[in-house]
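Reader: Please walk me through this model. I want cut-offs along with the values.

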Amino acid sequence: MSFLSSASTVTSTFKLEPEFRRHPSSISSDKNVSISYQKSQTIPPLYEKSELTKPLDVDEALSLLKESTEVESSYYIPILRQCIVNNSVSVVQTVHAHIIKTGTYKDLLVTTFLMNAYAKCEAIRDARRVFDYMPRRNVVAWTTMITGYVSNSQPDLALCTFLDMLEAGVYPTNFTLGIILNACSSMNSLKLGKELHGYIIKYQIDYDTSIGNSLCCLYSKFGNMDSAVQAFKAIKEKNVISWTAAISAYGDNGDVAMGMKLFIEMLYEGVQPNEYTVTTIFSLCCTMLSFGIGTQIHALSIKLGFTSNTLIKNSIMYLYLKCGNVDEAHKLFTNIEAASLVTWNSMIAGLTQMIDMTNDDISAYENGNKALDIFLKLNRSDMKPDLYTLSSILTVCNRLAALEQGEQVHSMALKSGYLSDVVVGTSLVNMYTKCGSIEKATKAFLEMSNRTLISWTTMINGFAQHGQTQQALQLFEDMRIAGVRPNKVTFVGVLYACSYAGMVNEAFGYFESMQKDYKLKPVMDHYTCLIEMYARLGRLDDAFGIIKKMEIEPHEIIWSNLITGCRSHGNTELALYAAEQLLKFKPKHTETYVLLLSLYTSAERWKDVSHVKKLMEEEKIRGLKDLSWIIMKGKMYSFEPNDRSHICSVEMYKLLEELFEKAKISGYEPSESRDICDHDINDQEKEEDEDNASAFTVYHSEKLAIAFALLNTPSAAEMVVNKSIGMSGDCHSFIKVVSSLTNRKIVVRDSRRLHKFVNGQCSCLDFGIIFPELAVSK
């Protein structure tokens, strides 16, 4: 649309004279008149106070309308108001027909309110038709039409109507300008917003409440907090909306402390918060994970009488979830009598976030399973899930590697028609990718009618994670041809794909293109891909050279990858140097310490082993807990090393022994392992377990999970196993052989990456093993 080819359109049209004159009541016939601004003007009410004091019965009112041909114009107003409350377009149309029949359409007040009713009921085209056939229009009519467009997510048409209003010689009010500023915000047009702000300052009306509120929101959206705060401070008569806008601005731009401080200042000023203020403060508490302040705000909301407000209930419930009080949140949820879809979605989304926030995998699964249960209850209720519900539940399936449930959600999205939504489609691609089914992910991507940058990036990264380099790079080129500009995350996938295939020249070509062509500064993940690429190839000096040239300080994963490469290619000296650098960080991840213990133990550097163990005690780092789990028919089955607690343990161990013997015949050689994971094991326990080292090697948790799956799934079914820590070299070698012996696809998601075993090969090309000699204690 060419109405806004440049901001000069407004500059040439919006000519405000320094002299303030009263505007005419109807459209000016002089198109060349200069437009001035009526400083003291306010919008009159759209309707007079009705004489009807009792609740309106719309059906009774309509029957009275049909029986009479002459009706007072004021009689239409309460009926239309009730139509807005009921969101009843059909009744509005009936009233509209009667207005035409009685000739009341000539009444400016009635037709303006009719237009407002259409707009509030989301029938914006009908509102426009009323507007176009109005015999005359005042600023209220124009502003109502503009407001209707903004509230119906058509800010471009709102601005177009605003320009038409100016050309017609009608003067904007403070409220009109506030609405247009909101339109600029919706259109992401900071430039136009600043031009309007310039006019507002010129005529010294930035003190106005509605204008100041809109300016604060506009600048906040674009991260310009200085201007947002100035707009707030310029307001002479700050109302609750003003304070809420400023508090929300601080929260949206990451300054939660200032948001809370402003809220306290608001209370000291004697301004009573409304439900939107309270929900904003709950949002700040969620960001701070401040349960204590949240409970105080909860008490305040009760005092203010907001307990029945659904928005408040959702916010409280979400705060409890974010702070880990799942049971309390669930109680709140179950006590809500008529939960809206927003409430259902809040509960599901909160539980989804809790999956990543929990400290152990069992709790993570429990939260994910609760989300799935609530989703099933929602399907059995009168309500139906929307695109936000489906997106959240697909994320749950992704986190839990629940492929079976994910496929069911896919079918539901297809039936409901939400599959065409780009958010749902992208979530579906991501779910299939993380569950190890790259084929289904590709199919879902190809079936998407619309694709965003996130969609393309998700698929590119999926191909890279599954070792399909050519597909990833080809898709990247297709994306560029389609005119989609890549971001930093896209280039992580591209570089990872090159790293996997050892394509050094191509990797550095993309690395340079990222900086020169797209002006993207490298981040840690980009360097990680390059260093892993050199480490895979055994070019350890080149990998170390990149580390020395990095503009940012390398983190744990960088040094861990270098150590892994050094151990794979026998460069103990460089590995020990990397270990020294790694210890300087005082790592927080248990697996990093285990990697160091493994390195120092194999090099027989016992002083360093003692030092690492002492450091673990100082940092309160607990020993690794090896846990694997698999989800079958909606139920989770978990396994620990040497676990004999399962009902079918006898069959599992018998199958493992058979596979163990067949694997040895096929060339598998079990590695001798030393138990180094649980540094708290005492010497007596170690002596007792020395004779069982081979048993621990055979019966790590993922081996038991795979044996269980082989016994309980169809022969052609693909299995997905989750593992809490990185795989040992022995287990990795064993599973490769098992995938060949059983002709099964086996996916193992450990703490580092996805391993897809097919016909004796793994998608990581054997580089994903950071513990080549690791045996983990129960």
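Author: First, a definition: a residue is buried under 20% relative accessible area, exposed over 50%, and partly exposed in between (1.4 Å probe, protein chains only). This is a predicted model: local features need pLDDT of at least 70, side-chain atom pairs count only at pLDDT 80 or more, and totals for chains, interfaces and linings use all residues. Residues are numbered from 1 along each chain as its sequence is written, and side-chain values use heavy atoms, with hydrogens and water left out.

Reader: Is Tyr388 buried or exposed?

Author: Tyr388 sits in helix H21, residues 387-400. Helices (H or I, at least four residues) and strands (E, at least two) are DSSP runs, numbered from the N terminus. Because its relative accessible area is 56%, Tyr388 is exposed.

Reader: Where is confidence lowest and where is it highest in the protein?

Author: pLDDT is the predictor's confidence in each residue, from 0 to 100. The protein averages 82, and 86% of the residues score at least 70. The lowest confidence is in helix H1 (residues 8-13), at a mean of 36, and the highest is 96, in helix H26 (residues 469-481).

Reader: How many contacts does the stretch over residues 1-54 have beyond near neighbours in sequence?

Author: Contact means heavy atoms within 4.5 Å. Where pLDDT is low, the predicted coordinates should not be read in detail. Over residues 1-54 the pLDDT is below 50, and the model's count of contacts beyond near neighbours in sequence is 112.

Reader: Why does the span of helix H31 agree with expectation?

Author: The expected span is 1.5 Å times one less than the number of residues. Helix H31 (residues 556-569) has 14 residues, so it should span 20 Å; the distance between its end C-alpha atoms agrees, at 20 Å.

Reader: Which helices do the buried residues of H31 pack against?

Author: H31 is mostly covered, with 10 of its 14 residues buried. Among them are Trp559, Leu562 and Cys566. The buried residues pack against helices H29 (524-537), H30 (540-549), H32 (572-584) and H33 (590-602).

Reader: In which sense do S4 and S5 pair?

Author: Two strands pair if DSSP finds at least two bridges between them. S4 (residues 719-723) and S5 have four bridges, and the sense is parallel.

Reader: What is the handedness of the β-α-β crossover from S4 to S5?

Author: The chain passes through helix H39 (residues 729-742) on its way from S4 to S5. A crossover is right-handed if, with the strands pointing away from the viewer, the path from the first strand over the helix to the second runs clockwise. This one is right-handed.

Reader: Which residue in S6 stands opposite Val747?

Author: S5 and strand S6 (residues 754-758) pair in the antiparallel sense over four bridges. They form a hairpin with four residues between them. Opposite Val747 stands Lys756.

Reader: What kind of pair do Phe476 and Phe491 form?

Author: Rings of Phe, Tyr and Trp (its six-membered ring) pair if their centres lie within 6.5 Å; planes under 30 degrees apart count as stacked, over 60 as edge-to-face and the rest as tilted. The structure holds 18 aromatic pairs. The centres of Phe476 and Phe491 are 5.4 Å apart and the planes are at 65°, so the pair is edge-to-face.

Reader: And what kind is the pair of Phe508 and Tyr534?

Author: Phe508 is in helix H28 (residues 504-516) and Tyr534 in helix H29, 26 residues apart. Their ring centres are 6.0 Å apart and their planes are at 40°, so the pair is tilted.
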